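Please take a moment to look over the sequence and the structure below before reading on. The paragraphs after it are meant to be read alongside the model, one region at a time.

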Amino acid sequence: MSSKVPAIYQLGHLPIKDHVFSPDRSILAITKENEIEIYKVSTSNLAQKPKLVAVLKDHDKTVTSVDISPDGSKILTCSQDRNALVWEADASGEFKPTLVLLRINRSATVCRWAPDGRKFAVGSSDRIIAVCYYEEENDWWVSKHLKKPLKSTITTLDWHPNGVLLASGSTDGHVRVFSAYIKGIDSKPQPTVWGTKLPFQTLCGDFTNETTAWIHGVKFSPDGDSLAYVSHDSSLGFVYPQGEELPPRAIFNVKTNYLPFKSIVWLDDQLVCAGGFNCNLVVFKGNESGWKEAYQVEEQKDLTKEAPHSRVGDDDDDDQEISSHQALNMFKQMDLKGRVSKPTAGGKPAKALSTIHQNTINSIKNFAPGQVSTSGIDGKVVIFNV
């Protein structure tokens with residue numbers, strides 16, 4: 001196994017929309033259609049395949065996001081069935097869900113715990129972000145809504161290290177930073193470069209680039225003083241604010257020739273790692289002076305530029321007629337991505353990508369210093385050294 005890759009977990013062949021490791025990295029939760037699979041991971045031997053310990057089945061529709069609380073005790077999930085659930089293991093180890101009153105009429109799209117674990121945020125297609133906190137007397141989670149000026153589906157969320165500011169990205173191409181301060185739950189926040197007075201629903205920043213492409217991922221830097229995001233025009237954005245009512249100190253839009261990125265994480269205050277439809281991870285380096293690509297984590301061959309065929313007719317299968325019997329066999333032999341090697345004597349099997357992920361990377365998470373974990377449409381969870 002490559003030194004770049006401590007572990008590759010092939011967890012079935014269904015797409016994994018989101019994944020998360022617990023803070024001590026002993027538990028892995030993944031979303032799979034309308035279920036959440038919980039795995040026990042051997043922290044002493046990451047290469048060992050994780051063991052499936054539970055399948056959570058209370059959602060009726062596709063589970064869109066999963067997160068584990070900072071203390072590792074609770075699992076948060078949300079789904080296209082318009083619900084979010086908080087799961088806790090009882091004494092017997094069985095997971096029991098607690099109701100969350102989201103009060104939304106469309107899909108819940110993304111959910112994230114705040115750094116202190118006392119509240120969480122759920123984005124939705126209802127143009128609402130629900131900020132949820134626990135109400136002891138009723139034993140459920142209630143929510144306050146961030147609405148204005150949201151006008152489209154929320155695709156991504158990230159909490160500032162102070163647990164009060166919340167960044168969101170949406171399909172209108174805007175990245176916004178809100179105050180999600182809840183009286184009685186949060187202690188009064190210290191002033192930051194994003195603002196000083198932070199009552200609930202204060203808009204501390206609103207950014208977009210010239211294409212207003214969908215925002216796929218947004219992430220605060222480790223110190224919370226800058227923000228990175230990736231959008232569907234294959235670009236990365238970086239924002240360095242300088243205070244309320246003031247324009248940012250610096251703002252960058254880094255264009256790339258890759259397919260669009262779906263997710264982004266900071267490795268430190270000057271390095272970010274992004275991945276998505278390109279099936280590869282790309283690391284960018286920079287600061288307030290500017291950003292540029294540093295390296296690709298995996299060497300990637302361009303499969304469109306292979307040597308031309310030496311013999312006429314050897315691979316010109318598109319022009320050859322095939323019998324109905326061959327066509328039937330062709331459909332039978334299709335793999336899970338609908339690819340097939342054409343049924344001719346000289347036919348070659350479908351080309352595999354030169355990267356570990358064979359389909360879109362949906363989510364990237366920080367795993368350990370110098371390591372990230374990824375999950376994708378190919379049913380894999382991979383831990384990379386970056």
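What follows is a walk through selected regions of this model, which is a predicted one.

From the repeats we can turn to the aromatic side chains, of which the structure holds 13 pairs. One of these pairs brings together Trp-113 and Trp-141, whose ring centres are 5.6 Å apart and whose planes meet at 75°, and because planes over 60 degrees apart count as edge-to-face, the pair is described in that way. Trp-113 belongs to strand 10 (residues 108-113) and Trp-141 to strand 13 (residues 140-146), so the contact ties together parts of the chain that are 28 residues apart in sequence. Both Trp-113 and Trp-141 are buried. Trp-141 also pairs with Tyr-134, in a tilted arrangement with 5.3 Å from centre to centre and 55° between the planes. Are the two members of this second pair buried or exposed? Tyr-134 has a relative accessible area of 33% and is therefore partly exposed, whereas Trp-141, at 4% relative accessibility, counts as buried. Together with Phe-120, the residues Trp-113, Tyr-134 and Trp-141 form one aromatic cluster.

Most residues other than glycine have a negative phi, and most peptide bonds are trans. Against that background, Lys-148 and Pro-149 are joined by a cis peptide bond, with omega about -5°, and Pro-149 lies in the loop between strand 13 and strand 14 (154-159). Asp-139 has a positive phi, near 55°, and is placed in the loop between strand 12 (129-135) and strand 13; with a relative accessible area of 46%, Asp-139 is partly exposed. Arg-82 likewise has a positive phi, near 75°, and is found in the loop between strand 7 (74-79) and strand 8 (84-89), where Arg-82 counts as partly exposed at 41% relative accessibility.

The last stop is an open sheet of 4 strands, which follow one another in the order 1-28-27-26 with antiparallel pairing. Strand 1 (7-10) and strand 26 (361-368) stand at the edges with a single partner strand each, so one side of each is left without a neighbour in the sheet. Ignoring direction, neighbouring strands of this sheet are turned by 15° against each other on average. The antiparallel strands 26 and 27 (residues 371-376) are joined by 6 bridges, and within this pairing Ile-364 has Thr-374 of strand 27 as its bridge partner.

Note on methods: Residues are numbered from 1 along each chain as its sequence is written. This is a predicted model: local features need pLDDT of at least 70, side-chain atom pairs count only at pLDDT 80 or more; totals for chains, interfaces and linings use all residues. Side-chain values use heavy atoms; hydrogens and water are left out. Rings of Phe, Tyr and Trp (its six-membered ring) pair if their centres lie within 6.5 Å; planes under 30 degrees apart count as stacked, over 60 as edge-to-face and the rest as tilted. Helices (H or I, at least four residues) and strands (E, at least two) are DSSP runs, numbered from the N terminus. Buried means under 20% relative accessible area, exposed over 50%, partly exposed in between (1.4 Å probe, protein chains only). Two strands pair if DSSP finds at least two bridges between them. Axes are lines fitted to C-alpha atoms, for helices over the stretch in contact, and angles run from 0 to 180 degrees between N-to-C directions.
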